[in-house]
Amino acid sequence: MKTVLILSNHHLYTYNLRKEVIQALLDSNYRVVVAVPYGEKVELLKEMGCEFVDVPLDRRGTNPLTELRLFLKYNKILKSLKPNIVLTYTLKPNLYGGLACRLNKSNVIHTVTGLGSVFVRNVRYKKIIIYLNKIAFKSSSLIAFMNQDNEKLYKDLKITSPNQKTKVVAGSGVSFNIFKYSTPKIANNVKFTFIARVLKDKGIEEYLYAAKKMKSKYNNVEFEVVGFVDEEKYKNMLSDFEDDKIIRYLGIRDDIPQVMANSNCIVLPSYGEGRGTVLQEGAAVGRPLITTNTYGCRDNVDDGYNGFLCEVANIDSLVKAMEKFIELTWEEKVIMGKRSREKAEKEFDRKIVVESYLEEIKEILE
């Protein structure tokens, strides 16, 4: 039995976004070992038939000793398991897992799920990360990107070379068994919903201040925020905006499809995404989308067709996009939502993503 090792940075995202790939591998008689930090979703992965290795990982940390320990942990796992192929997701597993794979001469498929704060913000260690990624990716079997902009950037930065195999996949895709189309309920108010980790790069500040402007001008608008607060400073900010009755903070929810079904429009004013899974899920439910005209976000929206685009880090531009949506008739809003669903079915089906990975794995191992 051939062994597939999966390196990822979080139990929740690994289960929610990769479980169909994992299930397909198990169904194809692969031994699947998942190396992630322990969390409640690990038990569900075990129930599926995966083996588990606990790998503590600080997603946002930069302590050199901690980063070295992560690399050494990956190296130890590879020496012990000797996997036939390794799948890595997100920045640190791609980087340190890639270095360990190169050292052990392992077959590896890297998936660049997004650029992360290292590339979005002008951090002081950016050049070091770019250099290390060049080394880590040099002998990879395949590098998968979730949008063409990220693929081009990696080539421009010479992280990937012209002779390396790369491809673009439609993000993580959407499971239509979970995210089902629903016609929005007629209501007096228009409800906008932000669903993401609450941190600066997701555009939370622009969303909050746009909501404040909209609330001062319109009586028929509601604003929701859903997600884990990933930067401590936003806890007080969310509380203040909620006290002022500008937003409702719903916290972490397990019923995202229902939250989306209760909304009129999904808003993600992000500074950049891998492919914006939340936007794809919102489209699958049949909701119009508002997002930024940047990589990984604009891929999900045809401006004026199934949603609206706004400028990055621009509150007034976001307000204008929201106003365009408000000014639509009810019938136009419903049609826009149906177009989102049609786009999702054509482009975002998770089955397409799963089949793409299985074909690549089979080709590499054969």
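In β11, the residue that forms the bridge partner of Phe-192 is Cys-265, and three bridges join β8 to β11, the two strands running parallel; strands count as paired if DSSP finds at least two bridges between them. The helices and strands named throughout are DSSP runs, numbered from the N terminus, with helices (H or I) having at least four residues and strands (E) at least two. This is a predicted model, in which local features need pLDDT of at least 70 and side-chain atom pairs count only at pLDDT 80 or more, whereas totals for chains, interfaces and linings use all residues. Residues are numbered from 1 along each chain as its sequence is written, and side-chain values use heavy atoms, with hydrogens and water left out.

Strand β11 (residues 265-268) is also joined to strand β12 (residues 289-292) by three bridges, again in a parallel arrangement, and in β12 the bridge partner of Val-267 is Ile-290. Between β11 and β12 the chain passes through helix α11 (residues 277-285), and this β-α-β crossover is right-handed, a term that applies if, with the strands pointing away from the viewer, the path from the first strand over the helix to the second runs clockwise. In a regular strand the side chains alternate between the two faces of the sheet. In β11, Cys-265 and Val-267 point one way while Ile-266 and Leu-268 point the other way, and all are buried, where buried means under 20% relative accessible area, exposed over 50% and partly exposed in between (1.4 Å probe, protein chains only).

## Aromatic pairs

A pair of aromatic rings is described by the distance of the centres and the angle of the planes. Rings of Phe, Tyr and Trp (its six-membered ring) are taken to pair if their centres lie within 6.5 Å, with planes under 30 degrees apart counted as stacked, over 60 as edge-to-face and the rest as tilted. By this rule the count comes to nine aromatic pairs. One of them is formed by Phe-145 and Tyr-154, whose ring centres are 5.2 Å apart with planes at 75°, so the pair is edge-to-face; Phe-145 and Tyr-154 are both buried.

The rings of Phe-192 and Phe-325 also make an edge-to-face pair, because their centres are 5.8 Å apart and their planes stand at 65°. Since Phe-192 lies in strand β8 (residues 190-195) and Phe-325 in helix α12 (residues 315-327), this pair ties together parts that are 133 residues apart in sequence. Phe-192 counts as buried at 0% relative accessibility, and Phe-325 is likewise buried, with a relative accessible area of 1%. Ring pairs link Phe-192 and Phe-325 with Phe-194, Tyr-207 and Phe-223 into a cluster.

## Charges over rings

A charge is said to sit over a ring if NZ of Lys or CZ of Arg is within 6 Å of the ring centre and within 35 degrees of the ring normal. Lys-333 lies over the face of Phe-325, at 5.3 Å from the ring centre, and the charged end of Lys-19 sits over the ring of Tyr-15, 5.0 Å from its centre.

Strand β1 (residues 3-7) pairs with β2 in the parallel sense over five bridges, with Val-4 standing opposite Val-32 in β2, and β1, α1 and β2 make a right-handed β-α-β unit. Four bridges join β2 to strand β3 (residues 51-54), which run parallel, and in β3 the bridge partner of Ala-35 is Val-53. A right-handed β-α-β unit is likewise made by β2, helix α2 (residues 41-48) and β3. Five of the six residues of strand β2 (residues 31-36) are buried, so this strand is largely enclosed by the rest of the structure.

Leu-26 lies in helix α1 (residues 11-27) and is buried, with a relative accessible area of 17%. Not counting residues up to four places away in sequence, Leu-26 touches Val-32, Met-48, Gly-49 and Cys-50, contact meaning heavy atoms within 4.5 Å.

Glu-360 is placed in helix α14 (residues 350-365) and counts as buried at 9% relative accessibility. Leaving aside its neighbours within four places in sequence, Glu-360 is in contact with Ile-109, Leu-142, Lys-165 and Lys-167.
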